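Visitor: I have a model open and would like to walk through it. Can you take my questions as they come?

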Amino acid sequence: MNNLVELRQQTQFDFFGKLYGHLALSMNEWLGKRGERLFRQAIQNYGFSKGTALRQKQSQAKIKVDLKNMFIAQNCCGRDPRFFRLYKKNEADVNLCEVYSCPLATLWGNMECSKLGEWYCEEYLHAFINGYTESVGQANVSNYLTRSTDNRCVLAFYYRKANMTDEQKVLFSQGSDAVLEDYILDDILLLYNCVYDQIKNNNDARRAVACGLREYTNEIIKLMISTVQRTGETLDEAFLREYCPFTSNKSMLERMPEETALFFDANVLVRFHSTMDKMKKERLYAD
Amino acid sequence: MLTKEQQEATNLSDSFTLAYGFLGKSLIQMYGDLGEKALRDGTRAFGRDRAEALRRRHLEANYKVNMKSLFTVGYDLPSDPRFKRELQFIVDEARVSHTLYCPMAAIWKDYGMMDIGRIYCEEFHNACYSHYAYNYTKVNLSKTQTQAEDDYCAFNVLLIPENLPEELKPICFEQYDPDYSGPSHPLTSPTAKDGFSSLYIKILHHIFCAAIAVLGEKGILAVQGALQFSAKHALQLFGQQNEQLTQDYFFRNYPLAQNIEDEKMWSDYDSHNLKQLVLKNFYDVVYATIP
């Protein structure tokens with residue numbers, strides 16, 4: 001049985017999965033193959049940026065840059081309790097694992113966009129490990145739950161000392177262990193940033209992304225309402241702090257380039273927060 | 001029970017597999033991490049070389065450079081009757097397949113060289129399949145029989161059209177080339193003897209060059225030792241199969257020409273006097289035993 005802590009974690013993670021799903025659906029619907037190309041490139045940039053940032057962060061903090069610490073810090077689905085993975089081997093230079101339950105695959109299945117979810121599975125981990133290991137490591141994703149023929153994800157990662165530079169060998173061998181990080185908001189903003197970066201100079205694509213973001217906003221509003229109803233909690237500031245990864249508009253927007261931030265604000269944050277404020281004020285979903 | 005031709009093919013295949021193992025073992029035993037680096041670098045170079053050769057053949061015969069061509073048209077690895085595979089699907093964009101029995105993994109395991117075989121699986125497939133399609137292939141091999149945890153190999157090799165730049169799309173996929181007229185002629189795989197001989201010289205060349213690049217002149221010692229060991233081992237193995245071991249039998253079953261001068265490939269693969277090294281450390285050992 002899920003407890004409230006777990007519910008908070010999975011609800012927060014759905015903010016990420018839904019963003020991906022709605023952006024992918026919209027770009028695929030409005031832009032077709034061009035949308036796929038732009039979106040795959042966005043996932044590649046997202047994964048590479050994430051991996052690069054993690055490596056830089058860990059090396060600055062004197063944490064060993066190795067596969068064990070990569071997976072401790074960022075284990076794919078954060079603290080989401082629906083994520084179930086078994087490690088067959090979990091070492092600094094090799095990681096073999098299988099995933100039997102993935103909340104992203106389930107969510108995208110429910111949104112009827114598993115095929116678009118496959119893009120994520122095909123691109124993300126390759127790009128992430130390239131960023132983390134400066135293209136020395138290797139990701140292998142032979143099976144993934146988003147694919148209709150597969151019943152689990154089968155993954156293998158390698159980061160071999162013999163292939164490393166001298167600097168990488170030092171970072172690999174010396175340092176402390178990582179801890180699991182909270183990164184859902186970072187991921188949401190980075191994914192959005194990477195998508196926006198692909199479409200910012202094209203009006204058709206901007207319209208497609210705007211449509212996707214508006215759909216997303218509808219869905220996260222519904223998610224908050226249904227979570228209030230399912231938990232019997234009161235929709236107030238405390239509830240939003242626990243269940244919603246968004247922080248105050250200002251601090252979120254400051255983390256993005258101005259134009260990118262304005263687009264997100266206009267299509268997501270303004271309506272999301274005004275709806276939440278209205279419901280809080282009118283105590284629509286209070287006990 | 002294998003036919004004579006199949007027995008020769010398996011000997012050729014095993015000799016290639018073992019030569020890789022002996023080269024790897026020699027490099028790592030003598031030079032540790034640097035030896036491993038040379039082996040990995042050389043294996044990747046071998047993969048890229050094979051990929052380029054195959055791509056060139058495909059383009060010359062007007063085949064599209066995609067996953068279906070890579071795995072079904074004139075592949076340079078001759079078929080080994082012992083391989084057991086379960087193909088899930090093969091289309092222009094993807095090849096998903098399980099290898100249920102791999103004779104290469106089996107022999108590395110038998111000889112206690114799984115760790116060397118592991119290096120081959122990790123480096124070769126990725127380098128070769130990726131390079132073949134201009135480094136746009138996504139190579140996924142999450143399970144391999146050279147890994148103690150796995151009992152089959154899981155290949156998921158993808159070439160996604162939307163990841164390609166516009167200029168490569170018509171080269172890779174028919175649907176982006178409206179004037180495409182199809183292949184100009186069929187391509188076949190080489191015979192076991194020709195195929196494994198070509199692979200043998202290529203892998204020897206690339207590992208040798210990598211050993212010199214990484215280790216300098218001392219890299220030659222490791223390759224020299226592996227060549228001598230390979231010759232002695234093959235003599236022993238073929239001697240068990242054939243009491244009256246002759247040069248003819250030996251070289252029908254080993255992936256090198258009976259007379260080194262008959263092998264045309266040396267003209268392209270004789271860097272750093274490798275041909276002389278092979279003559280002295282392999283052929284001379286064989287000729288001394290079976291004149």
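Visitor: Which helices and strands each supply at least two residues of the lining of the largest pocket?
Guide: From chain A, helix H1 (4-60), helix H4 (114-133) and strand E3 (138-143) do, together with H1, H4 and E3 of chain B. Helices (H or I, at least four residues) and strands (E, at least two) are DSSP runs, numbered from the N terminus. This is a predicted model, in which local features need pLDDT of at least 70 and side-chain atom pairs count only at pLDDT 80 or more, while totals for chains, interfaces and linings use all residues. Residues are numbered from 1 along each chain as its sequence is written, chains are lettered from A and ligands numbered from 1 in the order in which they are written, and side-chain values use heavy atoms, with hydrogens and water left out.

Visitor: What volume does the largest pocket have, and which residues lie nearest its centre?
Guide: Its volume is about 840 Å³. The lining has 36 residues, and A:His126, A:Asn130, A:Ser135, B:Asn126 and B:Ser130 lie nearest the centre. On a 1 Å grid over the protein atoms alone, a pocket is an open set of points with protein on both sides within 12 Å along at least five of seven lines, a cavity is a set where a 1.4 Å probe fits but cannot get out, and lining residues have an atom within 4 Å of a point. Grid points are joined across faces, edges and corners, and a volume is the space filled by probe spheres set on the points.

Visitor: How do the residues of that lining divide?
Guide: The lining of the largest pocket has 11 nonpolar, 16 polar and nine charged residues. Ala, Val, Leu, Ile, Met, Phe, Trp, Tyr, Cys and Pro count as nonpolar, Asp, Glu, Lys and Arg as charged, and the others, Gly among them, as polar.

Visitor: And the second largest pocket, how much space lies in it?
Guide: About 560 Å³. It is lined by 31 residues, with B:Tyr75, B:Leu77, B:Phe83, B:Arg85 and B:Arg95 the closest to its centre. H4(B) gives the largest share of this lining, five residues. The lining of the second largest pocket divides into 18 nonpolar, nine polar and four charged.

Visitor: How many cavities of 30 Å³ or more are there?
Guide: The count comes to seven. The largest cavity has a volume of about 210 Å³.

Visitor: Which residues lie nearest the centre of the largest cavity?
Guide: A:Cys76, A:Cys102, A:Tyr120, A:Cys121 and A:Cys153, out of 18 lining residues. That lining has 17 nonpolar residues, one polar and no charged. Its largest share, four residues, comes from H4(A).

Visitor: How many salt bridges does the rule find across the interface?
Guide: Six. A salt bridge is a side-chain nitrogen of Lys or Arg within 4 Å of a carboxyl oxygen of Asp or Glu. A:Glu123 forms a salt bridge with B:Lys138, with the closest N and O atoms 2.6 Å apart.

Visitor: What about B:Lys143 and A:Glu98?
Guide: Their side chains meet in a salt bridge, 3.1 Å from N to O. B:Lys143 lies in strand E3 of chain B and A:Glu98 in strand E2 (residues 94-101) of chain A, so the pair joins two chains.
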